[in-house]
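Open the model in your viewer and keep the selection tool at hand. Each stop below says what to select and what is there.

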Amino acid sequence: MLTYFRNIGQGILTIVNSMAVASRHLFKPSVTLQYPKEKWAMPERSRMRLHNKVEDCIGCGQCARTCPTDCILVKTEKRGKEEPPVFAADGTAKKLRTYVFDIDMALCCYCGLCTFACPTQCLVMTGDYEYSVYSIDEHIYHFAKEKPLIPAGSKEQSPSKG
Amino acid sequence: MESIAQLLQKIPKYDGLPEMLQALIPIIVSSIVIFALLALAVLFMVWLERKVSAHIQDRLGPMVVGGWHGWAQTIADALKLLLKEDIVPESVDRVLFKMAPFIVFLGAFAAFVVLPFGASSFVTDLNIGILYIVAVSSLSVIGIIMAGWASNNKYSLYGSMRAAAQVISYEIPAAVAIMTVVIYVGSLSMVEIVRAQEGGFLNWFLFRNPFLFLAFIVYFIASLAEVNRTPFDLPEAESELVAGYHTEYSGMRFAFFFLAEYANMFLVSSVAATLFLGGWTAPFSILQFIPGPVVFFVKALVLIFIQMWMRWSLPRLRVDQLMYINWKVLLPISFALILGAGWMAIL
Ligand code: SF4
Ligand code: SF4
């Protein structure tokens, strides 16, 4: 008989306790982030979407060589002797014309090795992490701006493996 | 039906209609009004439940639809449910399967007829009001059994069997707790019960004497079990029974089960508010100016909030614990209470 009443008392105490805990949480500020409206500030140097400032790219192909997933494709050609010399922002001469510079972000594993390899530091990770697209082909980013001088079919200088 | 019938009288040429129509129209109009109010209240309650559950779990709940704190989310969801395809599985008992949600809803809906929302705003004042509510609200369990049986699904059947066992057993302590109030009022009419509690919150049966206070708690617990709310939501225990008796339902029929669940919640809260919290009467005489229905809804909402609060803080009971609480705890206590309350009434 005594255990019976003790059980009832314990039950009531448990209910009161758990409801007190619940009510404390009711008035706590919520931890939800209203995502599309509010965003986390990403930590500095976090690895997200790649960007190539192609004006500074000397077309050396180090990035393509170091990439473990082979997702960078660089195609270059020599600039002609008579062309005016072009320089990257840090003064390195751009002896090669980069006419293809494609990164397949769908393949990229965000290791960041390419950005370390880049001698002119033009290939960087940006803070942008919202770049979903409807077709996987749109994940191949074409950075190159210049057109090749040598007509198609002639000898290509491609350091790329891809 | 008084107030609605009176309003209808003001329509020109209303008296010229045939007798039959004159008797029928007030019934139809009042059921439409109650249905509309009920649907609105349920939409609000579903929204509230999501908000309460979210904030108890340190979340925000719906925030986008409609702008301010996602107030239109449940409207969008209701529309979605109504527009969905009505799927009737191959091997169900079609007639019972299609009928069940409406019977479940009918049980809740019919009980609203005698609820006194205000001093003059009720559909009708039966002299056996509370008895009628107890009787009619057990109709929904028949619908639940129909749903479970007709679904031809073991989980549905388990759920409805549990519902039957649970609702029928918890009806006894609930009815006995109601009887303690009836001892004091000497009438089963809902309006009379509220009239007996007029004049400030000290006259409410909740604060009259300790026996009635305990009777309120017994009624509250038993009513939670009757409407299958957590911690007594065994009939639809998601973790064991998929969704219990409404596993096979979708679209509009599911919406009716949902509507019935929340309508039942509202019903038991309103009954508790009427019996123990003074119905439409204001707690203080300075608050007398507030219209009765508003006071009534606030009281019912407070009780609904407590139901939600309990739901999101307590885990579900086991079947044997459920039966233990009813037969070994609530029932003896409620019998002791009725004796005590009767003794106090004689004194
Ligand atoms: S981050 Fe890694 S995987 Fe991605 S492109 Fe650079 S080297 Fe390749
Ligand atoms: S390593 Fe840098 S400079 Fe060299 S090809 Fe890649 S992006 Fe251009």
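Select Arg79(A): this residue is buried, because its relative accessible area is 13%. Buried means under 20% relative accessible area, exposed over 50%, and partly exposed in between (1.4 Å probe, protein chains only). Before moving on, note that this is a predicted model, where local features need pLDDT of at least 70, side-chain atom pairs count only at pLDDT 80 or more, and totals for chains, interfaces and linings use all residues. Residues are numbered from 1 along each chain as its sequence is written, chains are lettered from A and ligands numbered from 1 in the order in which they are written, and side-chain values use heavy atoms, with hydrogens and water left out.

A salt bridge here is a side-chain nitrogen of Lys or Arg within 4 Å of a carboxyl oxygen of Asp or Glu. Glu146(A) lies in the segment after S5 of chain A and Arg79(A) in the loop between strand S2 (72–78) and strand S3 (96–104), so the pair ties together parts 67 residues apart in sequence. Helices (H or I, at least four residues) and strands (E, at least two) are DSSP runs, numbered from the N terminus. Glu146(A) is partly exposed, at 31%.

Next, select Lys145(A) and Glu55(A). They meet in a salt bridge at 2.5 Å, N to O. Lys145(A) follows strand S5 (140–142) and Glu55(A) sits in the loop between strand S1 (50–52) and helix H2 (62–66) of chain A, so this pair joins parts 90 residues apart in sequence. Lys145(A) is exposed at 57%; Glu55(A) is partly exposed at 40%.

How many salt bridges are there over all chains? The count comes to 13.

Stay in chain A for ligand 1. Of the 13 residues around ligand 1, Cys67(A), Cys108(A), Cys111(A), Gly112(A) and Cys114(A) come nearest. A residue is near if one of its heavy atoms lies within 4 Å.

Move to chain B and select Phe105(B) and Phe109(B). These rings form a stacked aromatic pair, 5.5 Å centre to centre with 20 degrees between the planes. Rings of Phe, Tyr and Trp (its six-membered ring) pair if their centres lie within 6.5 Å; planes under 30 degrees apart count as stacked, over 60 as edge-to-face and the rest as tilted. Both residues lie in helix H4 (residues 94–111) of chain B, 4 residues apart, about one turn of the helix. Phe105(B) is buried at 6%, and Phe109(B) is buried at 17%.

Go on to Tyr170(B) and Phe232(B). This aromatic pair is tilted: 5.3 Å centre to centre, 55 degrees between the planes. The pair links distant parts of the chain, with Tyr170(B) in helix H7 (residues 154–185) and Phe232(B) in the loop between helix H10 (210–226) and helix H11 (238–241), 62 residues apart. Tyr170(B) is buried at 0%. Phe232(B) is buried at 4%.

In the loop between H10 and H11, pick Asn228(B) too. Asn228(B) has a positive phi of about 55 degrees although it is not a glycine. Is Asn228(B) buried or exposed? Asn228(B) is buried, with a relative accessible area of 5%.
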